[in-house]
Amino acid sequence: MIRPLTFKRSLVPILITLFSVFTLTFQSCKKSRSDMGKVLYQKTKNKVFKDVTPEGLAEVFKKVLADEKSKMDNPKLITAYYEQNNYDPAFVMDHIFNGDVDLTANYFEKAGEHGLDPKMFKAAQIKALVDKFQDKKGIKTLDEAYHDIAELEILTANSLINYSNALQYGILSPRKIYQRYYTETKRPDSLGMSRIFTISNMRAYLDSIQPKNPQYLALQKALLAGGTAKGMTKEETTRYLVVNMERLRWKNKPTQPEYVIVNIPDYRLDVMQNGKSILNMKVVVGEGRNIDNNISLVDYDESDKVDRPFTRETPQLNSVIHSVQVNPVWNIPQSIASKEIMVEAAKDPYYLDNKNIDVYQNGKKVEDPETIDWASAPKDKYEFKQRPGDDNALGKIKFLFNNKSSVYLHDTPAKSGFSQNMRALSHGCVRLGDPDALAKVVFGEGPTYDKISKAMTEDNPDPTTIAVPKKMPVYITYVTCWADETNTLQYRPDVYGLDVVLYQHLQRFLANNDQLAAL
């Protein structure tokens, strides 16, 4: 039986008191604007404002909101806020006459310092409207006054939200422009965007949202200096800086004190600990669509603007290394089996045996695979597994982490790749230049690491899976320009063409090169 909710008599007075306090507090948070016309007249010395009332403004405000809806980036949030707050023009009443709105427009005008176009934040329109309020003859009728109050209020709110989002989260969502992007990336939410309506100190707020990442500041300094990188034009250099500044604005950076990070275009892995690299090594990543660097930020065509990944490209992602497999079995992906393994087996009936590759059909091992006519065999009828050994494509160890692309970090018998400058050579996984060193960092010195090291040297090894004692975060990233330890800017070829994709999506938000050069 469900009993009705009851209260002890002694609680009733307390609850009434609490409710009264809450009601009074809530009401006190909403400013009374009954003297709106009087205040505006005192501030502007324009007699037109004497007749302004909250009720009269509300009617016009509703219409302007509806008319401006298509021009707003977050119309639902802005409309809901003003509906819930009786169309109170807080920016106009509390932030025009102390210089806050002009100050905000000044920050918008400097958006070029971030590689962005000030026009996207409507700085000129905002300043023009503010000037009308500051000119006692600038607004001539009551209808015009109502309209301009509403327009300036909505314009300021919309632009301030856009500016805040751009600097704190980036202009674009990488998930929407890249097909193989699986990195956790925080995007703006309604609660965060609504905070602009409660700003008390505008300058402090605007300063607080300026990016302060040392990498960002280094690229920003180079952008403003307007230099030219070696082997590039000034235009290409600028575009390199702009796309990588956008990447730095994305909220997808590691927050853990220790993690593994791979930068695809740099073909390098680092283990970071408290902001410093304690281990780095060369890596080989997946083969890319732009390994010959035929596509650049100043030389591309329409087909390069959309992300069409090459099948072997390593994805961008974050996860945690949960275990390793020493002397691993390679479960050969069907795409590799059909395009490579079966082709080689058709040429040489003993290819599979020589490579220690077993063939399975319906889960059962095929005893005499050399008798199969691989040239005509169905592509999806068989499964292939390579046994542990010196020739195993995964080498002696692979580091496992959950991901949608079935990629991992692993050893390799193909050591020659590490001596090449362009190391986008794999089928998609990341080959390690020094897997033993990574195992030592992940497991630490001790019996477990000693067991792993010994097992990697055995002649007739068995696959062994060992859980990592403390899960290690791993990030696979794509960055083509950054400041190194000496604060020297490093540039890398856009091996996957992802800079071009990003630049094209950014283009309508970017300051043009003439503007940047004039900064």
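**Notes on charges and strands**

1. Asp-353, Glu-367, Asp-368 and Glu-370 make up a negative surface patch (patch residues have over 30% relative accessible area and no salt bridge, with like charges joined within 9 Å). Asp-368 sits in the loop between β8 (364-365) and β9 (383-386), and is partly exposed at 43% relative accessible area (buried is under 20%, exposed over 50%, partly exposed in between, with a 1.4 Å probe and protein chains only).

2. Before going on: this is a predicted model, where local features need pLDDT of at least 70 and side-chain atom pairs count only at pLDDT 80 or more, while totals for chains, interfaces and linings use all residues. Residues are numbered from 1 along each chain as its sequence is written, and side-chain values use heavy atoms, leaving out hydrogens and water.

3. Now the sheet: four strands form an open, antiparallel arrangement in the order β6-β9-β7-β8 (strands are DSSP E runs of at least two residues, helices H or I runs of at least four; two strands pair if DSSP finds at least two bridges between them). The edges are β6 (330-331) and β8, each pairing on one side only.

4. Salt bridges number 25 (a Lys or Arg side-chain nitrogen within 4 Å of an Asp or Glu carboxyl oxygen). One of them joins Glu-59 and Lys-62 at 3.7 Å, N to O; the two are three residues apart in helix α3 (residues 54-68), about one helical turn.

5. Arg-289 and Glu-313 also bridge, at 2.8 Å between closest N and O atoms. Both lie in the loop between β4 (276-286) and β5 (316-326), so the pair ties together parts 24 residues apart in sequence. Glu-313 is buried at 4% relative accessibility.

Conventions:
Patches are made of residues with over 30% relative accessible area and no salt bridge: like charges are joined within 9 Å, nonpolar side chains (Val, Leu, Ile, Met, Phe, Trp, Tyr) within 5 Å. Accessible areas come from the Shrake-Rupley method with a 1.4 Å probe; for residues, only the protein chains shown count as cover. Lys and Arg count as positive and Asp and Glu as negative; His and the chain ends are not counted. The place of a charge is taken as NZ of Lys, CZ of Arg, CG of Asp or CD of Glu.
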